[in-house]
Amino acid sequence: METFRGAADFFIHGGPFMVLLLLLSVAAGTVILLRAMALRERLVIPPELEEAVVGLQPGDSLQRVASMARQSNSPLGRVITVCLQHLNWPRQENVEAVQVRARHEVVRMESGMAMLEMTTGVAPLLGLLGTLSGLVSVFANLGGGAGGGDPIAVARGISEALNTTIVGLAVAAPSLIAHNYFQRKIETMAVSMEGLVADLLAKCYPEHR
């Protein structure tokens, strides 16, 4: 009970900027959770579809790969579907269509990343604003009113004012880590998809190899 009351006081004394930081932390946490679920490699690059593309030989039927790509409902599956739907096009035009689809898929995978990037920069600033606002109130009351010149009261007021800085940094640090991790993961999976689709195109257009 005492722990709960202490945590409540910690946030209450942070003032209005603490409310903004809490809202920002909820939004960032939601984005991190959703991206962690959506960017699982088996959902982006299904292993069975990858094996089907790798095991495909020039001249083999593409029906199985096309069916698996449609059913997977994954970024790789959608890119492969576009590739197979335009096999009657010249190779270069098909490559361009695939690249456009791939860019769309990368943008979809990066959904929410801007929120994490914004949180990384904004949270420390909100924390600093909250601290400065609290310090202004503390020093404005120095020498005026009951306990205004009490060093203990002043120290307590400064301590409470620093709460928003602590929370701001606590929100920004996980957001920065998550943003960098997800960005690197997206880049790695995009390169893997590019390699698989390039391999598929080479097998579908053997005369251009």
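Visitor: What makes Asp-199 and Lys-203 a salt bridge?
Guide: In this predicted model, the side chains of Asp-199 and Lys-203 meet at 3.1 Å, N to O. The cut-off is within 4 Å, from a side-chain nitrogen of Lys or Arg to a carboxyl oxygen of Asp or Glu. The pair therefore counts as a salt bridge.

Visitor: Where do Asp-199 and Lys-203 lie?
Guide: Both are in helix 10. They sit four residues apart, about one turn of the helix.

Visitor: Why is Lys-203 called buried?
Guide: Its relative accessibility is 12%. Buried means under 20%, so Lys-203 qualifies. Asp-199 is at 28%. That value falls between 20% and 50%, so Asp-199 is called partly exposed.

Visitor: How do you know that Arg-184 and Glu-187 form a salt bridge?
Guide: Their N to O distance is 3.3 Å. The limit is 4 Å, so the pair passes. Arg-184 and Glu-187 also share helix 10, three residues apart.

Visitor: Which label does Arg-184 get, buried or exposed?
Guide: Arg-184 has a relative accessible area of 56%. Exposed means over 50%, so Arg-184 is exposed. Glu-187, at 38%, counts as partly exposed.

Visitor: How many salt bridges are there by this rule?
Guide: The count is four. One of them joins Glu-105 and Arg-78, at 2.9 Å, N to O. Glu-105 lies in helix 7 and Arg-78 in helix 6, so this pair ties together parts that are 27 residues apart in sequence. Arg-78, Arg-101 and Glu-105 are linked in a network of salt bridges.

Visitor: Why is Glu-105 called buried?
Guide: Its relative accessible area is 1%. The cut-off is under 20%, so Glu-105 is buried.

Visitor: Why is helix 6 described as largely enclosed by the rest of the structure?
Guide: Because nine of its eleven residues are buried. Among them are Pro-75, Gly-77, Ile-80 and Cys-83. The cover over the buried residues includes helix 3, helix 4, helix 5, helix 7 and helix 10.

Visitor: What makes Asn-94 a buried residue?
Guide: Asn-94, in helix 7, has a relative accessible area of 0%. That is under 20%, so the label is buried. Leaving aside neighbours within four places in sequence, its contacts include Val-82, Cys-83, Leu-201 and Tyr-205.

Visitor: Why is His-179 called buried?
Guide: His-179 is in helix 10. Its relative accessible area is 13%. The limit is 20%, so His-179 is buried. Beyond its neighbours within four places in sequence, His-179 contacts Met-113, Leu-116 and Glu-117.

Visitor: Which residues make the negative patch on the surface?
Guide: Glu-41, Glu-48, Glu-50 and Glu-51 gather there. Helix 4 gives the most, with three residues. Glu-41 lies in helix 3. Patch members need over 30% relative accessible area; Glu-41 has 48%, so it clears that cut-off.

Visitor: Which residues make the nonpolar patch?
Guide: Val-19, Leu-20 and Leu-23 make it, over about 280 Å². Leu-20 sits in helix 2.

Visitor: How many helices and strands does the protein chain have?
Guide: Ten helices and zero strands. Of its 209 residues, 35% count as buried.

Methods:
Residues are numbered from 1 along each chain as its sequence is written. This is a predicted model: local features need pLDDT of at least 70, side-chain atom pairs count only at pLDDT 80 or more; totals for chains, interfaces and linings use all residues. Side-chain values use heavy atoms; hydrogens and water are left out. Patches are made of residues with over 30% relative accessible area and no salt bridge: like charges are joined within 9 Å, nonpolar side chains (Val, Leu, Ile, Met, Phe, Trp, Tyr) within 5 Å. Accessible areas come from the Shrake-Rupley method with a 1.4 Å probe; for residues, only the protein chains shown count as cover. Helices (H or I, at least four residues) and strands (E, at least two) are DSSP runs, numbered from the N terminus. Lys and Arg count as positive and Asp and Glu as negative; His and the chain ends are not counted. The place of a charge is taken as NZ of Lys, CZ of Arg, CG of Asp or CD of Glu. Buried means under 20% relative accessible area, exposed over 50%, partly exposed in between (1.4 Å probe, protein chains only). Contact means heavy atoms within 4.5 Å.
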